[in-house]
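Hi everyone, thanks for coming. Let me put the sequence and the structure up on the screen, and then we'll walk through it together.

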Amino acid sequence: MLYKFIRTKKIKVNNKRCEINYKLNEGDTVDLYINEEFLITSGDNQNFKNIIPKLKILYEDENILLCDKKPGIIVHPDENEEINTLINHVTAYLYKNGEYNPDCENSFAPALCNRIDRNTGGIVICAKNAETLRIINEKIKNNEIEKSYICLVHGILSKKEDIMTAYHRKDTEKNTAVINKNKFAGAKIIKTKYKVLKEKNNISLVKVGLITGRTHQIRAHFAYVGHSLVGDGKYGREETVKSDRKKGFFYQALYSYMIRFNFSGDSGILNYLNGRSFNIEIENVDFARNFD
């Protein structure tokens, strides 16, 4: 598994892909982009004990927790932030409620099953136990959990409802997506379904569903067709981004507002979730509410 992680660039040395036979030198920096289920916690990292949990909980039961993550909050620690992260707030919440005690666990810690970019808001699924984590990860891999988004895009789309198709390749070094209408080396097909909800002042409020799920798919795909997301500093044009900032859009106007569990087979302890959907009211999303 470690060899695979090195080959797929989930383990990097000095921010670059490394060869399997590379020997570490003093001063090297090793970054591991590995899901929590592959790691065993030692209990040494207990930063969560130093914070007062602040969560907006959409749904909770004995197995899962659905959080409404606000833009600007990072989900996992990185080189710039180790304490004020969503996973630390979730862990602190469960610890204070007596549902998690690291001193009594040898191999499991509360884990986030899906990730949302720092500057994107929306629903994040947290697993409270190892069996839930295993099942949810399997369902995500098999596309049995549907996610819907809303966003603001620049311009008026000619088609008010459509499925856009293109080809996508992730540029790992730049952490961006490259999009083209024709297939090219290393690219995979993407399909983005959308429906225009409202239009005003050359801005469109759009509902989006991902038929495929690739890195930055919504942001990159809409930018490619000439309708970049409002506030998107990565894929928007410089002059457009400057104008958006003056209007108060410091994050891309994108929100994962709905999830639906569409399990196709036995789901063990999570069978009760099959067919259920959970959503944040669109009018409760800041950029959508202020669009009226």
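This is a predicted model: local features need pLDDT of at least 70, side-chain atom pairs count only at pLDDT 80 or more; totals for chains, interfaces and linings use all residues.

Residues are numbered from 1 along each chain as its sequence is written, and side-chain values use heavy atoms, with hydrogens and water left out.

Back to our threonine. Thr-176 sits in strand β10, residues 176–180. Which residues does Thr-176 touch, not counting those up to four places away in sequence? They are Arg-169, Lys-170, Asp-171, His-216, Lys-234 and Tyr-235; a contact here means heavy atoms within 4.5 Å.

Now let's zoom out. The protein has six helices and 14 strands, taken as DSSP runs numbered from the N terminus (helices are H or I, at least four residues; strands are E, at least two). Of its 292 residues, 42% are buried. Among contacts with a separation of 6 or more, 62% are between residues 24 or more positions apart.

As for dimensions, the C-alpha trace spans about 55 × 45 × 40 Å along the principal axes.

Last, the charges: there are 46 positive and 37 negative side chains, and the centres of the two sets lie 7 Å apart. Lys and Arg count as positive, Asp and Glu as negative, while His and the chain ends are not counted; each charge is placed at NZ of Lys, CZ of Arg, CG of Asp or CD of Glu.

Methods
Buried means under 20% relative accessible area, exposed over 50%, partly exposed in between (1.4 Å probe, protein chains only).
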